[in-house]
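The following note sets out points for a colleague who is reading the structure alongside its sequence. Please keep both in view while going through the numbered paragraphs.

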Amino acid sequence: MDFLAGCIGGAAGVLVGHPFDTVKVRLQVQNVDKPLYRGTYHCFQSIVRQESMFGLYKGIASPMMGLTFINAIVFGVQGNAMHYLGHDTPMNQFLAGAAAGTIQCVICCPMELAKTRMQMQGTGEKKSKRKLYKNSLDCLARIYKREGLSGVNRGMVTTLIRETPGFGVYFLAYDVLTRSIGCEPDDHYMIPKLLFAGGMSGIASWLSTYPVDVIKSRLQADGVGGVYQYTSIADCVRQSVRREGLRVFTRGLTSTLLRAFPVNAATFATVTLVLLYARGVEEGPKDCELGPPNTAHHTQLPQQTQASSL
């Protein structure tokens, strides 16, 4: 049931947040010498004007397929890890979340590579004159044919660096918040509390690892058309800081935080409510936290995009 709840929560999160993710990626990887966008609002406005509303949903097939499974893995692994650890403590929530974040990178990295390439395709064009990729699967197939398995997993190290602590912070923040505000199943304000805790957990997770996400996006967008600008993670960091200063690590942060709250609010609330419904309120958790079913305090509900999806 943890896996099913994660699937439903993941789909809800993608539908709510993909337009913000498109804006984030465009801002992160645009050429600083010839910037197309002045900021978050201008980027939104430009994409809609030049590419129509559908431009905001470019590449959605990849996360819709991938994040559904990713959330199923994350919530399933996190739930089972909490069962294994036995005690529902904030530290165990962090460790279980970190374990879940690490394992889901196997799917997350190729998915985000395809998503990033699709989001960058046809920038500024209402109808792309020449499409390099037909869809997300075609994108991955072409990359694999040209670069092999290493090409499909481009950005894996930065994905691991982002997802492992990011998911740990994600579950830890949700645990701390739900312990603080409480949300009993018969509480009239349970759903608003779930939404608030989930949204704030997403924001905390992104703030903890955002600089790594900027580098990951640049590495995964690099090489379109066969031209590579960066030779390694260190080279990407070095070139980015030299040309743009430390502010480079906050590029696209506004749209990311605007996206993080509704996406994670929808994901966490959906997962928690699905689990409450499936298990029955009488036998369900005493509050809305994610924790093992037989602990002394409450029941484990599992969990996030980078999240990676956080």
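**Notes on the predicted model**

1. F75, F167, Y170 and F171 form one aromatic cluster. Rings of Phe, Tyr and Trp (its six-membered ring) are paired if their centres lie within 6.5 Å, and the planes count as stacked under 30 degrees apart, edge-to-face over 60 and tilted for the rest. By this rule there are five aromatic pairs. One of them joins Y170 and F171, which are edge-to-face with 5.8 Å from centre to centre and 70° between the planes. Y170 is buried, its relative accessible area being 0%, and F171 is buried at 1%. Here buried means under 20% relative accessible area, exposed means over 50%, and partly exposed lies in between (1.4 Å probe, protein chains only).

2. This is a predicted model, in which local features need a pLDDT of at least 70 and side-chain atom pairs count only at pLDDT 80 or more, whereas totals for chains, interfaces and linings use all residues. Residues are numbered from 1 along each chain as its sequence is written, and side-chain values use heavy atoms, with hydrogens and water left out.

3. The average pLDDT (the predictor's confidence in each residue, from 0 to 100) is 83 for the protein, and 83% of the residues score at least 70. Over residues 291-310 the pLDDT is below 50, yet in the model this stretch has 110 contacts beyond near neighbours in sequence. A contact means heavy atoms within 4.5 Å.

4. Side chains of opposite charge can pair when their charged atoms come close. A salt bridge is taken as a side-chain nitrogen of Lys or Arg within 4 Å of a carboxyl oxygen of Asp or Glu, and the whole structure holds 18 salt bridges. One of these joins K24 to D213, with 3.0 Å between the closest N and O atoms. K24 belongs to helix α1 (residues 2-29) and D213 to helix α9 (residues 190-221), so this pair ties together parts 189 residues apart in sequence. Helices are DSSP runs (H or I, at least four residues), numbered from the N terminus. K24 counts as buried because its relative accessibility is 4%, and D213 counts as buried at 0%.

5. D213 also forms a salt bridge with R162, the closest N and O atoms being 2.5 Å apart. R162 lies in helix α8 (residues 156-181) and D213 in helix α9, so that distant parts of the chain, 51 residues apart, are linked. Both R162 and D213 are buried. Through shared partners, salt bridges join D21, K24, E112, K115, R162, E163, D213 and K216 into one network.

6. Which side chain meets K216 in a salt bridge? The partner is E112, at 2.7 Å from N to O. With K216 in helix α9 and E112 in helix α5 (residues 105-120), the pair ties together parts that are 104 residues apart in sequence. K216 and E112 are both buried.

7. Helix α5 also contains M111, which counts as buried at 5% relative accessibility. The C-alpha atoms of M111 and G59 are separated by 9.8 Å, and the two residues are 52 apart along the chain.

8. Is M91 buried or exposed? M91, found in helix α4, counts as exposed because its relative accessibility is 52%.

Key: Helices (H or I, at least four residues) and strands (E, at least two) are DSSP runs, numbered from the N terminus.
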